[in-house]
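Subject: Structure handover

Hello,

Here is the structure I promised to pass on. Please open it first, then read the notes below.

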Amino acid sequence: MSDEPPSSNQDKSWLDRLVSSFSSEPKSQEELLDIIREAADKQLLDQEALGIIQGALGVSDLHAREIMIPRAQMVTVNYDESPEEFLPKVIESGHSRFPIIGENGDDVKGILLAKDLLPLILKGHDNFTLESVIRTATIIPESKRLNILLREFRENRYHMALVIDEYGGISGLITIEDILEEIVGEISDETDEDSDDVFIRKVDDNDYIIKALTPIEDFNSYFKTKFSDEEFDTVGGLVMQNFGHLPQRNEMTSLDNFEFRVLYSDNRQIHLLRLTLPEA
């Protein structure tokens, strides 16, 4: 049996080895990311861990307006609706929280939790009122930074906030799940539709989520564009060529006034893009 001490690399965790790989103290977030990516290339941590670290660092640069669910896509309950009127909407959406509105979309009365409707099953709804189960709504500005909002979600133990614009009107909503998905990627549950074959998803009038594997032919058909598919088959390949390098999360580029922002990429390819259409 050898008397030599075991290799120090065997005794070190991946974090110890990552720290020891720093040749000098990083002076910026980008330098830190470069070191972490190099560590991933050396297999000191896996790609999933790299993606989570990138997501966690990226969240500090994002604001509520950038990931919120737009007002037009919010599922709301009117304050004067009866259970017969709002229950089908609650059941169909599969959501767990709903803004309750009054005379108009800017008149937010509070938040309805789907679980608070369970007593209706046993007691019926002859004497039920939304006022009896309504919860206070949290209101935040569009400029709220996601890292600060995530901390407030955790500290105050709430999961949804209504977002207001500079004029005080409701512009959308955001949940704790939306922020966590920016860090760890999409979180699916049993109520989510199987969207493996959906390459283009509309977010707002001028904004779309695009899978990088979307065939250029399908993209052209959907948006009535004429991008060439002679060199590349997918939108990801087309965007990559325009960047001239493998882009990182949140890098942006334009093609014929179509603005693309990278939502998710690894050290090999782009996975997900956000598309903003040119102004009409």
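Start with a helix pair. Helix 3 (residues 29–41) packs on helix 4 at an angle of about 170°, and their axes are 10 Å apart. The two helices are therefore roughly antiparallel to each other (over 145 degrees counts as roughly antiparallel, under 35 as roughly parallel, 65 to 115 as roughly perpendicular and the rest as oblique). Angles run from 0 to 180 degrees between N-to-C directions, and axes are lines fitted to C-alpha atoms, for helices over the stretch in contact. Helices (H or I, at least four residues) and strands (E, at least two) are DSSP runs, numbered from the N terminus.

Helix 3 makes this contact through Gln29, Leu32, Leu33, Ile36, Arg37 and Ala40, and helix 4 through Gln47, Leu50, Ile53, Gln54 and Leu57. Contact means heavy atoms within 4.5 Å. By class, the residues of this contact are seven nonpolar, three polar and one charged. Ala, Val, Leu, Ile, Met, Phe, Trp, Tyr, Cys and Pro count as nonpolar; Asp, Glu, Lys and Arg as charged; the others, Gly among them, as polar.

A word on the source. This is a predicted model, where local features need pLDDT of at least 70 and side-chain atom pairs count only at pLDDT 80 or more, while totals for chains, interfaces and linings use all residues. Residues are numbered from 1 along each chain as its sequence is written, and side-chain values use heavy atoms, with hydrogens and water left out.

Helix 4 also meets helix 9. Their axes are 6 Å apart, at an angle of about 130°. That makes helix 4 oblique to helix 9. Gly51, Ile52, Gly55, Ala56 and Val59 of helix 4 touch Ile179, Glu182, Ile183 and Val184 of helix 9. Six of the contact residues are nonpolar, two polar and one charged.

Helix 9 (residues 176–184) has another partner. Its axis and that of helix 8 (residues 146–156) come within 10 Å and cross at roughly 130°. That makes helix 8 oblique to helix 9. On the helix 8 side, the contact uses Leu146, Leu149, Leu150 and Phe153; on the helix 9 side, Ile176, Ile179, Leu180, Glu182 and Ile183. Eight of these residues are nonpolar, none polar and one charged.

A search of the whole structure finds one cavity of 30 Å³ or more. About 40 Å³ of space lies in the largest cavity. Gly51, Gln54, Gly55, Arg249, Leu263, Tyr264 and Ser265 line it. Helix 4 (47–59) and strand 11 (258–265) each supply at least two of the lining residues. The lining has two nonpolar, four polar and one charged residues.

The second largest pocket has a volume of about 390 Å³. It is lined by 16 residues, and Arg65, Glu66, Asp207, Arg274 and Thr276 lie nearest its centre. Strand 11 gives the most to this lining, with three residues. The lining divides into five nonpolar, two polar and nine charged residues.

On terms: on a 1 Å grid over the protein atoms alone, a cavity is a set of points where a 1.4 Å probe fits but cannot get out, and a pocket is an open set with protein on both sides within 12 Å along at least five of seven lines; lining residues have an atom within 4 Å of a point. Grid points are joined across faces, edges and corners, and a volume is the space filled by probe spheres set on the points.

Best wishes
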